[in-house]
Amino acid sequence: MPESVLGLPAEFNAALAGILGLLIGSFLNVVIYRLPKMMERHWAAECAELTGKQPESIEKFNLLVPRSRCSNCGHVIAWYENIPILSYLFLRGKCSVCGTKFGWRYPMVEAATGALFFFCAWRWGLTTTGLAWSGFSAALLALALIDWDTTLLPDDITLPLLWAGLIVAALGWNPGVLLGQALWGAVAGYLSLWLVYWAFKLVTGKEGMGYGDFKLFAALGAWFGWAALVPMILMASVIGAAVGIAMKLASSLREGGYVPFGPFLAGAGLTAMVFGPQSILRVIGL
């Protein structure tokens, strides 16, 4: 366990980070829901501009406004109804006005983010390294759920995550990964999936993945170095194939019969953060 900071026990520091993670998780719920819609509105505005049409006048919509509200009755969520996990339990997962049920994902995202932040502070302390990996884990969690819902991996998250990996390595905040390893990890991560994409397209005439997957894998290469890419892509592929087969047997595949790959890349990245990249090979029996 790392040394304590601020004169406080290391356990207290980890708990403090966990509480911060709960709050960040509440914000991630907003990002997961709103960012794809913001992208769609931006695309619609660009299309209208290209066709010479006047963009529709719509309510201002971003990560901060409007305030969160019930999708059924429009009740604006008060601050005391938005306390991570506690408010969900107190309200029994329902709107306080109309009784519409809120999804279970909201408290799960908050709890997962809190647990990841707790782990990062427990392992690296309240240090620049601990904060860096906390941000890494929050970004991957958001990307995984956005991709699962929409098959989109927004550049607004993947590209900053990629640059953050390179900057963290350059500043020496990522022990064990030098800047050269991070740089070539980013290059190899992007090019490897890019080559697979084009090989698959040339053979089948279909697109097997999107460019967001290339950028996400490049970001993972920047954080872990080029040597970690093979274990992570193997784990993501094995789990992705298993989930896809299970969904097909259960007749739960979405229209088109596809399963987004981003969530499995993100899962491999989080596994590598917690257990180390080489442990992935042991998990899948290699």
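Which side chain meets D149 in a salt bridge? It is the side chain of R105. The legends below take that pair and several other sites in turn. The model is predicted.

**View 1. D149 and R105 meet in a salt bridge.** The N to O distance is 2.6 Å. D149 sits in helix α4 and R105 in helix α3. The two residues are 44 apart, so this pair links distant parts of the chain. D149 is partly exposed, at 38% relative accessibility. R105 is partly exposed too, with a relative accessible area of 25%. Opposite charges explain the general idea: such side chains can pair when their charged atoms come close.

**View 2. K215 forms a salt bridge with D155.** The closest N and O atoms are 2.8 Å apart. K215 belongs to helix α7 and D155 to helix α5, so the pair ties together parts that are 60 residues apart in sequence. D155 counts as partly exposed, at 35% relative accessibility.

**View 3. K201 and E207 form a salt bridge.** Here the N to O distance is 3.5 Å. K201 is partly exposed, with a relative accessible area of 27%. E207 is exposed, at 54% relative accessibility. How many salt bridges does the structure hold? It holds three.

**View 4. Cysteines lie here without a disulfide.** A search of the whole structure finds zero disulfides. Start with C70. The closest cysteine sulfur to its own is in C98, 3.7 Å away. A disulfide needs the two sulfur atoms within 2.5 Å. The sulfur of C70 is therefore too far from that of C98 for a bond. Now take C95. The closest cysteine sulfur to that of C95 is in C73, at 3.8 Å, which is again too far for a bond. Are C70 and C95 buried or exposed? C70 is buried, at 2% relative accessibility. C95 is buried as well, at 5%.

**View 5. The largest nonpolar core has 58 residues.** Seven residues have the most contacts inside this core: F136, L140, L161, F224, M232, L265 and M273. Which elements give two or more residues to the core? They are α1 (10-50), α3 (105-124), α4 (128-150), α5 (155-170), α6 (179-204), α7 (211-224), α8 (229-249) and α9 (262-275). The largest share comes from α4, with 12 residues. In soluble globular proteins, nonpolar side chains tend to be buried together.

**View 6. F136 has contacts beyond its sequence neighbours.** Set aside the neighbours within four places in sequence. F136 is then in contact with L161, L220, W223, F224, G269 and M273. Among these partners, L161, F224 and M273 are also listed with F136 for the most contacts inside the core.

**View 7. S137 is a buried residue of helix α4.** Its relative accessibility is 0%. Which residues touch S137, once neighbours within four places in sequence are left aside? S137 is in contact with L116, F117, C120, L270 and M273. M273 is a contact of F136 too.

View 8. Which helix gives the largest share? Helix α6 does, with nine residues. V203 lies in helix α6. V203 is exposed, with a relative accessible area of 72%. Exposed means over 50%, so V203 passes the cut-off.

**View 9. G240 and L265 are 25 residues apart in sequence.** In space, their C-alpha atoms are 8.9 Å apart. G240 lies in helix α8. G240 counts as buried, at 13% relative accessibility. L265 is one of the residues with the most contacts inside the largest nonpolar core.

**View 10. I58 sits in a loop.** The loop runs between α1 and α2 (86-90). I58 is partly exposed, at 47% relative accessibility. How far apart in space are I58 and A266, C-alpha to C-alpha? The distance is 34 Å. In sequence, I58 and A266 are 208 residues apart.

Terms used
Residues are numbered from 1 along each chain as its sequence is written. This is a predicted model: local features need pLDDT of at least 70, side-chain atom pairs count only at pLDDT 80 or more; totals for chains, interfaces and linings use all residues. Side-chain values use heavy atoms; hydrogens and water are left out. Buried means under 20% relative accessible area, exposed over 50%, partly exposed in between (1.4 Å probe, protein chains only). A nonpolar core is a set of buried Ala, Val, Leu, Ile, Met, Phe, Trp, Tyr and Cys residues joined through side-chain atoms within 4.5 Å. Helices (H or I, at least four residues) and strands (E, at least two) are DSSP runs, numbered from the N terminus. Contact means heavy atoms within 4.5 Å. A salt bridge is a side-chain nitrogen of Lys or Arg within 4 Å of a carboxyl oxygen of Asp or Glu.
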